[in-house]
Structure formats: structure tokens, C-alpha cells
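Subject: The structure, plus some notes

Hi,

Here is the structure we talked about.

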Amino acid sequence: MQLDSFLLVPGALVLACSYFFLKWFHATTHQLKHIPTIGHSGVLTSYIDAFRFFSRGHEMIQDGYNRHYGSAFKVPTLFKWIVIVSGQQLIDDIRRAPDDQLSFEEFVAETLQMEYTLGPGVRRDTYHINVIRTPLTKNIAPQFSVITDEIATAFKELVPAISSDWISVPALKAITKVICRTTNRYLVGLPLARNADFTDLIEKFTLDIYLGGQIISLFPTILKPLAARVFTRVPSDIEQFTAHLRPVVETELRKANQGEKNENVVSWLLEEAAAQDLTPSVLDIAVRVLAINFVAIHTASNALTHALYYLAAYPQYADPMREEVQAIMDSNSEELSREALANMHKLDSFLKETQRLSMGAFAISRKAMKDFTFSNGLFLPKGTEVAIATYATQTDEASAWPGKNYVDPLTFKPFRFCESRGPANAGGTESDFNAQKHSDLISPSPTYLSFGSGRHACPGRFFAATELKAAFVHILLNYDVKLPKDGSHPPDNVWFGGAVVPHQRAQVMFRRRR
């Protein structure tokens, strides 16, 4: 950082702190006083709990859930109050609220400070979401072999277990690289998907944009463009990413002019832009590809790492899944396909159970675009951020969702969801059919919120689930896994501000299966 940048720091921090304090006090302290607080609610004392929220946010939200189930409470963070709700009535209100009342896009835009990180073009027009919903999803089956080929190649290079000897692998690091390579083999193809500089940049960007958004939010609007350039790495990341992607974009532009195209995310973005009478620049396309990666990489990497930890801790469940996988593949001429994955109910249930127990403390966040009143009379002033107590909901036994509670909710039961499937295909009842439909990994339900809910359920969940299942099948068929010293419990998760990530340094032992 240059000297003049350092000279700006003291004054900028004073201005930012003063601005933030006044805005926080006037906008939230009094307007939310009718909502119970977990911790202190004073202007200064609440910062004690705001700092506690960094490492104990999940405990604070669980406490609020236990004390205020079916209603709302608020928790303090360094930047704002967050209102947390629970219970079917309020969750349904959030799910059904139109975007001009409770907005997911505005919440994301504010959290990531998109105007200053990804740029005003992406902030104003999110046509890349249409690409995720339609062509990206429609092409999963036709390009399934591309996905499985990269999974196999990446594991061979990153998990070099070639004999009956056990090797130790840093799980999260290896899985993140597998997911990054596989995702980009599908999105942009070779050789970029195997370019180490390219994939390292994508992995780094997830942290850079999140931290960048938090830093920029400390500054008043007039200083935010300067803060983005001086205090974050995002502009440099985008510049490097654009340089990597430029040849691909230029190739697809040339093909489009000739009436041709490849099936990749760049061609889909150009096609969607043309349908909206837009002429995007190389930079605009690059930023949108980077945004899609941001959404896809860390969620899938975390999910697969959680599943790997549970498999290594409970290896006795590997054989029942292998038998299911092999039986389905035998009936499918030994080929793995997307359709075959859909019939692997034990594998699907195992992944869903690990997701159920590895959810963040709150999610499905919205920003109130105007004053909003829930159906029970709870009032939220304009500008409030509201979210659902997701982990507490997914591990609740006693109070939530009559008839749909989890038995022994904190116990890992890998085949919990396939056991709940009804005999719909054999003349079962309508309730049997609904139970089967909601047993799938990608199907949101009132007690399973890992992929969101309502209109804003994750549009990329179909690709994510396919990638997860295909990678997990590869692990099952090619490796035995265990924890070092034969550990019998998955490595502890890491909690940060209510968010959860897998243990970042835990090792998993791999051995090649004969």
C-alpha cells in the first residue's frame, strides 16, 4: 500500500466510526426497541455482545430461539442489528413476501457492497441469475461426463492414494480445489479449469469480496469508492480474472458473430445479454462469471467437506451406500449418469443429513424495503435486516412443525431421509408422495432450509447437488477413508458470526480401494 494510502487511514477511520455510530443509533436503537434483545441493548453496552457474536453468535441465536420461539428477537453485530425469527407462521411470511417488501437481492447487495465491489452494472441487472436458472441447469445432463471426468482427474492429482497404504490429506483444501476445478471445467472448460493461478484466484476471491464488503460498509457513501480501491483486494482480483478470461470471451464473441457458439457460461451470458438488448464488455462478462463462482465454490466445497468428515468418522455407513451405488450402476451398464444419481437414495440422505447438521445459525436473510408487519402483528421498520434461525430449526425436536419434527435431532442418522420415503411409486397416498418429494437433498421444506426457501431458493442447487453426489460416489468407489487415530466424531466446525465452516486444518486419511 502506498504512503498516501496510509496517511488517509486515521482520518478515514474517525469519519467512518462517527458516521457509523450516528447512523446506528438513530436508525435502529429506538426503532427496534419493541423486539427482545439477546444480550445488552444499550448504545455502548451492546458492543460487548457484538464482539461476543463473532465467536458465540450461534449460541446467542440458539438462546433466542429457545426463549422466543414463534416470535422474534434481535442480536447486535458491529455493523447493525439483525432480527431473527422462527416458527412456521413467520417463516411463511418471509417466504411469501414480495421483493418490494422484503428483498433478498438488496440484502446481498448491501452485505457485499456490490455497487463498489462487483460494480453498478451487476448491481442493477442480475441477468446472470437467469443463466444459472436456465441454460446452466439444462446443460447438466448433456455435459455430465465433463463433470465426472474432472472429478476423477482432480482427485487423482490431489489425493494421490495409489496403493493400500494410508495417506493423510488436508481435507478442506483438497476438496475446495476439486470443486473449483470441476465447476470451472463445466463453466469455462479447459485449459482454464486446470490453470492453478486461475483457480487460486477464484478461491481467494470468496474471502476478499466478503471482507471487502464489510470494510466498505464502514464508510459513508461519498467515501465508499475510495475505500474499495484503497482498502480491499477486489479491484485487483477482478483485473487478474478478466485477463485470464479475456481470450474465452473474445472467442465466444467471434463465434456469436458467425452464428456459432460453445456450450459454456460465457456463451450463455452473451446470449442472455443479447435477449435483453445489452452489449456487455469483457469486464462485465468476467465479473459475472466471477460472481457465479463466488456463489458456487464455497458452498459446495463446505458441503462436500462436511460429508467427507462424517464418512471418515462413521466408515460403517460406506458399504451400504457402495452396494446401492454399484447395484444402480450395474443396472445402468456400469455408467454413472445424472439419472442414476437420482435413484441413490441412501447417498442422497447421507448428504442431506450432513447438511442438516452443518447449517449456519441464521440464513434466508432479507432487507425490509418498507415498513413491514408480519401476520402476527410484529412490526419491522424500513431498512431492518431479518433472517431465520436455521440451525435451531433444523435441529428442533420439541416445538417446531407438528408432525414433522426430527427424532433425536442432534444424532447423526445418515439414512434418516430415505427411511421417510413413502411407497408413492407403488400406489402410495398423497402424503406418502409428499414425504418422498421432500426427502431429496435439493428439496426445501419447513424443517430443511439449507438451499433457502420460496422464490429465492438457490437457483444453482441442481448443479450443486449433481456435483456433490458425483464427487461422493467417486470417493466411495475409489477410496477407504478414516480420521487420524481412528477418530469417532467429525472434526469440530468453526463458527464465525453465526456462520459455520468445516474445520479448516483437519486431515482425512485416504487409502486406494482394490
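Let me start with helix H14. Its buried residues (buried means under 20% relative accessible area, with a 1.4 Å probe and protein chains only) pack against helix H13 (282–313), helix H15 (338–342), helix H16 (345–356), helix H20 (461–478) and strand S9 (479–482). Helices here are DSSP runs of H or I with at least four residues, strands are E runs of at least two, and both are numbered from the N terminus.

Before I go on, a caution: this is a predicted model, so local features need pLDDT of at least 70 and side-chain atom pairs count only at pLDDT 80 or more, while totals for chains, interfaces and linings use all residues. Residues are numbered from 1 along each chain as its sequence is written, and side-chain values use heavy atoms, with hydrogens and water left out.

Which residues of H14 are buried? They are Ala-318, Met-321, Arg-322, Glu-324, Val-325, Ile-328 and Met-329. They sit on the same side of H14, because they cover an arc of only 165° around the axis (taken from the directions from the helix axis to the C-beta atoms).

H13 turns up again with helix H9 (residues 196–216): the two pack at an angle of about 90°, with axes 9 Å apart. The axes are lines fitted to C-alpha atoms over the stretch in contact, and angles run from 0 to 180 degrees between N-to-C directions. That makes H9 roughly perpendicular to H13 (65 to 115 degrees). On the H9 side the contact (heavy atoms within 4.5 Å) is made by Ile-202, Phe-205, Thr-206 and Ile-209. H13 brings Leu-290, Asn-293, Phe-294, Ile-297 and His-298.

Helix H6 (residues 127–138) is also worth a look. Its buried residues are Tyr-127, His-128, Val-131, Ile-132, Pro-135, Leu-136 and Thr-137. Among the elements covering them are helix H8 (171–187), helix H12 (265–275), H13 and H20.

Strands count as paired if DSSP finds at least two bridges between them. S9 is joined to strand S12 (residues 507–512) by 4 bridges, and Lys-482 has Met-509 of S12 as its bridge partner.

Overall, the protein has 20 helices and 12 strands, and 52% of its 514 residues are buried.

Cheers

Key:
Buried < 20%, exposed > 50% of the residue type's maximum accessible area, 1.4 Å probe, protein only. Parallel < 35°, antiparallel > 145°, perpendicular 65-115°, else oblique.
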